[in-house]
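Student: I would like to learn how to read helices in a model. Could we go through a few features together?

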Amino acid sequence: MRGVIPKFFLAVALSITAGVAAVAAGGRIDINKSYQTHSNCHIAYDKLVEEVSAGQRPSDEELLWAQDYEAKSIEPDAFCPTPPESLLVRATDHVVSTQNGLERVMVYAEKQDDPTATFEAGLAFALDKFGEGERPGGYQLVQLAAEWNEPTAAFTHAVWLSTGKVTGQRENAQALPFLEIAGEAGHLDAMFNAGLFYMNGLGTKKDPKKSFYWFRKAAENGHPYAAIMAYDQITQGNGTKKDFDLAYRLARNVAQEGDPYGMVLAAASLLQGKKPFDHQDEILYWLDQAEMYGDAEIQTQVSDIRGDVVNLFNRHSAPPQYTPRERKACPMKTVCLVDRFSGVQSCTTNKDYWSDCDY
């Protein structure tokens with residue numbers, strides 16, 4: 001009997017893992033969610049103009065900075081000055097939308113050949129902030145900034161190419177190099193999407209080793225669904241060696257964020273390990289958590305197999321009551337995109353899903 005039980009556990013693990021994969025494919029995991037934020041001096045200036053136009057009073061520090069920003073826009077070979085931190089935060093993911101802001105950013109783009117300013121102006125035009133007629137010119141400016149290796153521009157241009165936004169046709173082969181440029185520069189969503197391209201063979205042949213490289217890089221820098229995708233490759237030995245201890249750690253880190261898919265995968269990875277009986281308390285704990293917090297489909301999957309798992313555990317030995325171990329907080333990872341023209345950093349801090357939070 002002891003030789004049969006692990007085979008059943010493996011079947012259960014594969015069944016619930018496949019169920020989670022189906023749920024993800026059905027769109028209930030939002031893999032399109034953005035995790036990389038961006039902010040810089042150009043959108044900070046436009047944000048300040050927008051706030052002043054709405055009757056808000058800027059601080060003296062912000063006013064002095066705005067004057068410096070305006071003065072440097074016409075100085076030969078000048079860099080835009082670094083905004084006050086509070087203004088940078090308020091400007092996060094802002095799009096240039098005021099005429100004054102546009103005029104200043106265009107000066108930086110044209111007189112200074114500033115790639116970040118070029119991108120911000122192009123993005124504003126492409127998103128119809130100044131009329132639909134400006135959209136084609138906006139696409140061209142974003143592409144120019146991408147060719148200058150501006151990370152956010154490279155990622156944006158890649159997404160537009162792959163979705164057919166620019167030409168009406170999906171151009172995945174042209175998009176992939178820009179994703180990799182942005183990913184190597186630290187753009188979190190570019191890393192994850194590069195992994196998807198190699199996993200699915202979009203614009204290139206399928207390459208599990210390269211997809212794992214990008215999923216691991218994204219997971220290490222705070223992308224939770226990259227951790228799930230890396231988990232899938234680790235448990236299958238696809239592009240990397242099988243390692244169920246690492247798979248459990250990745251799934252557990254996602255699960256501890258309250259994600260029911262991570263909870264199911266945590267149980268599945270323990271079931272596939274060499275000694276499921278040593279972890280029966282944790283397996284049942286994560287199944288219970290998944291059933292409690294998951295959607296109807298997750299609840300159905302878990303309830304269908306939990307009773308069988310409990311019966312088999314009881315035939316081996318009664319499972320103890322599991323209490324989650326007290327752990328240190330998982331480390332946080334800060335990813336910074338650096339404006340190569342001005343040196344201004346735009347940083348995003350996320351949990352490092354690759355690290356072992358037990359130690």
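Predicted model: local features only at pLDDT ≥ 70, side-chain atom pairs only at ≥ 80, totals over all residues.

Student: What should the 14 residues of helix H15 span at 1.5 Å a residue?

Tutor: Residues are numbered from 1 along each chain as its sequence is written, and side-chain values use heavy atoms, with hydrogens and water left out. Helices are DSSP runs of H or I with at least four residues, numbered from the N terminus. The expected span is 1.5 Å times one less than the number of residues. H15 (residues 280–293) should therefore span 20 Å, and its end C-alpha atoms are 20 Å apart, which agrees.

Student: Which residues of H15 are buried?

Tutor: Buried means under 20% relative accessible area, with a 1.4 Å probe and protein chains only. In H15, the buried residues include Asp281, Ile283, Trp286 and Leu287.

Student: How do I read a pair of helices?

Tutor: Two packed helices are described by the angle between their axes and the distance between the axes. Here the axes of H5 (residues 99–111) and H6 (residues 115–126) come within 8 Å and cross at roughly 135°.

Student: Which residues of H5 and H6 make the contact?

Tutor: With contact meaning heavy atoms within 4.5 Å, H5 contributes Leu102, Val105, Met106, Tyr108 and Ala109, while H6 brings Ala117, Thr118, Glu120, Ala121 and Phe125.

Student: Is Threonine 156 buried or exposed?

Tutor: Threonine 156, in helix H8 (residues 151–163), is buried, with a relative accessible area of 12%.

Key: Axes fitted to C-alpha atoms, helices over the stretch in contact; angles between N-to-C directions. Helix = DSSP H or I, 4+ residues; strand = E, 2+ residues; numbered from the N terminus. Buried < 20%, exposed > 50% of the residue type's maximum accessible area, 1.4 Å probe, protein only.
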